Amino acid sequence: MGKLDINKKKKRESLLNTAFNMFTTKGVSQTSISEIVKKAGVAKGTFYLYFKDKYDIKNKLISHKSSQLFKTAIEEMNKHTELSFEDEIIFIIDNIINQLNDNKSLLTFISKNLSWGIFKNALISPENEDDYNFKIVYETMINASPKKLKDPEIMLFMIIELVSSTIYSSILYNEPVELEILKPYLYSTVRTIIRKHEAE
């Protein structure tokens with residue numbers, strides 16, 4: 001990578017980091033592009049080299065942050081061998097939940113702004129070279145499983161919707177119960193979803 005490319009990458013990362021800090025402290029609607037570029041120390045025109053508008057940078061941040069959560073979880077999972085497909089999915093979910101529990105501002109940002117379309121795009125079309133292509137990992141996990149699955153994308157959608165809708169209140173407000181009490185119920189339901197998608 002040449003000096004020009006390194007400089008471009010630094011500016012883009014500075015914009016992403018600044019936007020994330022401002023979005024999580026002030027909120028997306030209360031943050032302007034002018035404030036982002038001023039704090040990032042770049043010209044306003046530079047912003048538009050990388051992003052269409054404030055919502056484009058927000059979506060790219062969600063993609064990037066989601067990808068990083070999966071990357072960390074999968075790297076940890078790969079240290080463990082002999083896990084079944086079910087156990088791999090539970091391991092990934094548990095690791096991500098723990099990461100979000102440790103970083104509540106990230107949980108709030110992702111949960112408030114997440115849609116399946118953005119999330120799916122994050123998983124299958126990484127924005128950055130250091131982001132994870134979860135689609136490839138997921139397909140590898142499915143192919144390695146001795147049990148064949150029907151409609152694996154629907155299964156993944158159901159699991160993500162279930163997990164994201166239940167952990168938010170549990171992590172932030174201990175509602176309906178504390179996270180550690182909720183986890184066994186959540187993981188039991190995830191296992192049921194996986195088994196329902198096993199081919200006859």
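Student: Starting with helix H10: how many residues apart are Lys183 and Glu180?

Tutor: Three. Both sit in H10, which spans residues 179-196, so about one helical turn separates them. Keep in mind that this is a predicted model.

Student: What do the side chains of Lys183 and Glu180 do?

Tutor: They form a salt bridge, with N to O at 3.2 Å.

Student: And Lys183, buried or exposed?

Tutor: Buried. Its relative accessible area is 7%, and the cut-off for buried is under 20%.

Student: What about Glu180, buried or exposed?

Tutor: Exposed, at 54% relative accessibility.

Student: How many salt bridges does the structure hold?

Tutor: Nine. One of them pairs Lys60 with Asp56, at 2.7 Å from N to O.

Student: How are Lys60 and Asp56 placed in helix H4?

Tutor: They are four residues apart in H4, so again about one helical turn lies between them. Lys60 is buried, at 16% relative accessibility. Asp56 is buried as well, at 10%.

Student: What does Glu35 pair with?

Tutor: Lys26. The closest N and O atoms of that salt bridge are 2.6 Å apart. Glu35 is partly exposed, at 29% relative accessibility. Lys26 is also partly exposed, at 36%.

Student: Which residues are linked in a network of salt bridges?

Tutor: Glu86, Asp87, Arg191 and Arg195. Glu86 turns up again in the second largest pocket, among the residues nearest its centre.

Student: OK, that pocket. What volume does the second largest pocket have?

Tutor: About 270 Å³.

Student: How many residues line the second largest pocket, and which lie nearest its centre?

Tutor: There are 19 lining residues. Ser84, Phe85, Glu86, Glu88 and Ser145 lie nearest the centre.

Student: Which helices each supply at least two residues of that lining?

Tutor: H4 (54-77), H5 (85-102) and H8 (134-144). The largest share comes from H8, with four residues.

Student: How do the lining residues divide into nonpolar, polar and charged?

Tutor: 11 are nonpolar, four are polar and four are charged.

Student: Switching to the backbone. Where is the cis peptide bond?

Tutor: Between Glu175 and Pro176, with omega near -5°. Pro176 lies in the loop between helix H9 (152-173) and H10.

Student: Where is Asn174 found?

Tutor: In the loop between H9 and H10. Asn174 has a positive phi of about 55°, though it is not a glycine. Its relative accessibility of 42% makes it partly exposed.

Student: Why flag such things?

Tutor: Because most residues other than glycine have a negative phi, and most peptide bonds are trans.

Student: What phi does Glu82 have?

Tutor: A positive one, about 65°, and Glu82 is not a glycine either. This residue lies in the loop between H4 and H5.

Student: Zooming out: how many helices and strands does the chain have?

Tutor: 10 helices and zero strands.

Student: How much of the chain counts as buried?

Tutor: 42% of its 200 residues. The chain exposes about 11,200 Å², and carbon and sulfur atoms supply 52% of that area.

Student: Last one. Among contacts between residues at least 6 apart in sequence, what share joins residues at least 24 apart?

Tutor: 70% of them.

Definitions and conventions. Residues are numbered from 1 along each chain as its sequence is written. This is a predicted model: local features need pLDDT of at least 70, side-chain atom pairs count only at pLDDT 80 or more; totals for chains, interfaces and linings use all residues. Side-chain values use heavy atoms; hydrogens and water are left out. On a 1 Å grid over the protein atoms alone, a cavity is a set of points where a 1.4 Å probe fits but cannot get out, and a pocket is an open set with protein on both sides within 12 Å along at least five of seven lines; lining residues have an atom within 4 Å of a point. Grid points are joined across faces, edges and corners, and a volume is the space filled by probe spheres set on the points. Ala, Val, Leu, Ile, Met, Phe, Trp, Tyr, Cys and Pro count as nonpolar, Asp, Glu, Lys and Arg as charged, and the others, Gly among them, as polar. A salt bridge is a side-chain nitrogen of Lys or Arg within 4 Å of a carboxyl oxygen of Asp or Glu. Buried means under 20% relative accessible area, exposed over 50%, partly exposed in between (1.4 Å probe, protein chains only). Contact means heavy atoms within 4.5 Å. Accessible areas come from the Shrake-Rupley method with a 1.4 Å probe; for residues, only the protein chains shown count as cover.
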